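Hello,

Here is the structure I promised to pass on to you.

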Amino acid sequence: MQSIEQFQERVRAAAADKQALRIRGGGSKDWYGQRLEGEILDTRGYRGIVDYEPTELVITARCGTPLSEIEAVLAERNQMLAFEPPHFSEDATLGGAIAAGLAGPRRAYGGGVRDFVLGAKLLDGNGDVLSFGGQVMKNVAGYDVARMLAGSLGTLGLLLEVSVKVLPRPLADTTLRLEMSEIDAIRRLNEWGGQPLPLSASFWHSGVLLLRLSGAQAAVDAAVRLIGGEVVEHAASCWEELREQRLPFFGGEDALWRLSVPSTTGAIVLGGVQLIEWGGAQRWLRSELEAATIRRSVAAVGGHATLFRGGDKSVGVFDTLQPALARIHERLKASFDPAHIFNPGRMY
């Protein structure tokens, strides 16, 4: 297995030579973000579960540990990564999942990646190992820094190890199918979201709304009677296909945009086709419209748009940062990676 000392030697040499390093695990999300630059720093040789306390609902593992290995160990104790990270490949690693910060269908109801990060060890641009947070939710020393690494796309350093909170699997899962318009789906999802219902996922596309209910059997049964609709048998594969973007909607040739908007936002007319997730808060859009037009329309309702996959990345994958926020990003980058060697240009 690769050692921390080997990583340190490589990083210090790169910093001295001003040589960019491209942190890479399984490469399952190489397409995400701006450009790929630098010599590959492969994390797969640094793998393994360091600690797992099922009674404490915490697992700690090294960055190169395959996501599938983590999930298999958790499944043996009937537990799960509640943010349902997408794999996009059998080679996906835990470090890559945290660095990408992408969550699956349960996100709106269970929390995002950073909500479950308790602690982390980071190798910074000086070759020093920094530790943040801990292994319990009540430990707040450095906790925000550990969470900040979620979604940083490896631009602040090499995430060596991470402690993540896990949750028990629901005792019951039921998926309902309801036919309704986009406007009705958004309205109903927000109405249900304001009630004590065991919602755990939703998506609408082409006049059909799928709604997943998870929890105690009695609570799920009561929600089924209240909401109505048709019960979908063997629905687990459907939610996995949504998480992994294997549904036909995601197979088009147009650029795929991810729109983040207030959940109560009505229909956003941008041409193309849309799929709505997270109770209305996440809209997937396939459209040939110009990036500026899409971003203006989304900003007008208080949201932002990400060029998720495909398209012309010269328009910027992520929305342009406001000056004050950009300065914060610059200072963080300079603090953790003074030589700017880690994944340069991956985010902005």
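A pocket here is an open set of grid points where a 1.4 Å probe fits, with protein on both sides within 12 Å along at least five of seven lines, and its lining residues have an atom within 4 Å of a point. Please keep in mind that this is a predicted model.

With that in hand, let me begin with the second largest pocket, which has a volume of about 620 Å³. Its lining is made up of 27 residues, and those that lie nearest its centre are Glu84, Arg169, Arg212, Ala236 and Arg243. By class, 10 of the lining residues are nonpolar, seven are polar and 10 are charged. Which elements supply at least two residues each to this lining? They are α2 (67-76), β5 (79-80), β10 and α9. Of the lining, α9 gives the most, with five residues.

Eight strands form an open sheet, with antiparallel pairing, and you can trace them in the order β13-β10-β12-β11-β15-β16-β14-β17. At the edges stand β13 (230-232) and β17 (304-309); each has a single partner strand, so one side of each is left without a neighbour in the sheet. From one strand to the next, the twist averages 25°.

Start at the β13 end. Strand β10 (residues 172-179) runs antiparallel to β13, and three bridges join the two. Here arginine 177 stands opposite glutamate 230 in β13.

Towards the other end, have a look at β14 (residues 256-260). Is this strand mostly covered or mostly open? It is mostly covered, with four of its five residues buried. Five bridges join β14 to β16, and these two strands run antiparallel. Tryptophan 257 has leucine 285 in β16 as its bridge partner. The pairing of β14 with β17 is also antiparallel and also spans five bridges, and there the bridge partner of arginine 258 is threonine 306 in β17.

Helix α7 (residues 182-193) lies across β10, β11 (199-205), β12 (208-215), β15 (273-277) and β16 (282-286), and runs at about 170° to β11. Helix α9 (residues 236-243) lies across β10, β11, β12 and β15, at about 70° to β11.

Enjoy exploring!

Best wishes

Note on methods
Residues numbered from 1 in each chain as written. Predicted model: local features only at pLDDT ≥ 70, side-chain atom pairs only at ≥ 80, totals over all residues. Heavy atoms only, no water. Pairing = 2+ DSSP bridges. Axes fitted to C-alpha atoms, helices over the stretch in contact; angles between N-to-C directions. Contact = heavy atoms within 4.5 Å. Buried < 20%, exposed > 50% of the residue type's maximum accessible area, 1.4 Å probe, protein only. 1 Å grid on protein atoms, 1.4 Å probe; cavity = no way out; pocket = protein on both sides within 12 Å on 5 of 7 lines; lining within 4 Å. Points joined across faces, edges and corners; volume = space filled by probe spheres on them. Nonpolar A, V, L, I, M, F, W, Y, C, P; charged D, E, K, R; others polar.
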